[in-house]
Amino acid sequence: MTTVVGVDPGLADTGIGMVRGSPKRIDTFSYAHIHTTRQTPLPERLHSIFSELVRILGRERPDLMVVEDVFSLETYPKSGITLGKVAGAVLLAGCQRRVPVMEIPVREVKKTLTGNGKATKDQLERAVRHFVKAAAPIRPYHASDAVALAVIGLLRSSHIKRSPGRDRLS
């Protein structure tokens, strides 16, 4: 059985999603989010995200972590820089826990799961529910986006080389 953690980086809310199973069948899934407040200084917010993710990765021992590849809008360049800092903390957490990391652009996630690279958050969330066979909505959207990333990681996990004698992806 393969365990994949998906991470949707965000300074206010970082979504975390996890799936276990095989590329042909998802056995279990779970999700959460890491919330930080505007009143907290940036370094402390990054530390909170990093520390909580390290704790989760240590507990769950995933075979793969899939992170949404960050992007920047020309009209909000400072937001892109801040998001890059969050992504850096996320990538460092994976590295520290020795979890292989795959980054995937959001349009690719949407295209893969909905057939439309410009799908809305609601359309993506409904597609995720279909894949994991969940009746109730997965909220907040950061968490459903993270589950989407984990699902894609699981679907692609058969394409990742396994080291001889190990039951973990490398």
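K110 first: this lysine sits in helix α3, residues 106–114. Helices here are DSSP runs of H or I, at least four residues, numbered from the N terminus. This is a predicted model, where local features need pLDDT of at least 70, side-chain atom pairs count only at pLDDT 80 or more, and totals for chains, interfaces and linings use all residues. Residues are numbered from 1 along each chain as its sequence is written, and side-chain values use heavy atoms, without hydrogens or water.

Back to K110. Is K110 buried or exposed? K110 is buried, where buried means under 20% relative accessible area, exposed over 50% and partly exposed in between, with a 1.4 Å probe and protein chains only. K110 has no salt bridge. A salt bridge is a side-chain nitrogen of Lys or Arg within 4 Å of a carboxyl oxygen of Asp or Glu. The nearest side chain of opposite charge is D145, 7.2 Å away. Lys and Arg count as positive, Asp and Glu as negative; His and the chain ends are not counted. Beyond four places in sequence, K110 is in contact with G115, N116, G117, K118, A119 and L124. Contact means heavy atoms within 4.5 Å.

Next, packing. The axes of α3 and α4 come within 9 Å and cross at roughly 55 degrees. Axes are lines fitted to C-alpha atoms, for helices over the stretch in contact, and angles run from 0 to 180 degrees between N-to-C directions. Under 35 degrees is roughly parallel, over 145 roughly antiparallel, 65 to 115 roughly perpendicular, and the rest oblique. On the α3 side, the contact is made by V109, K110, L113 and T114; on α4, by Q123, L124, A127, V128 and F131.

Now α4, residues 121–132, against α5, residues 141–156. Their axes come within 9 Å and cross at roughly 50 degrees. So α4 is oblique to α5. Among the contact residues are L124 and V128 of α4, and D145 and A148 of α5.

Last, charges. The count comes to 10 salt bridges. E108 pairs with R156, closest N and O atoms 2.5 Å apart. E108 lies in α3 and R156 in α5, so the pair ties together parts 48 residues apart in sequence. E108 is partly exposed at 31% relative accessible area, and R156 is partly exposed at 26%.

R126 and D122 also meet in a salt bridge, 2.3 Å from N to O. They are four residues apart in α4, about one helical turn. D122 meets R139 as well, at 3.9 Å. Which residues form the network of salt bridges? D122, E125, R126, R129 and R139.

Technical notes: Helix = DSSP H or I, 4+ residues; strand = E, 2+ residues; numbered from the N terminus.
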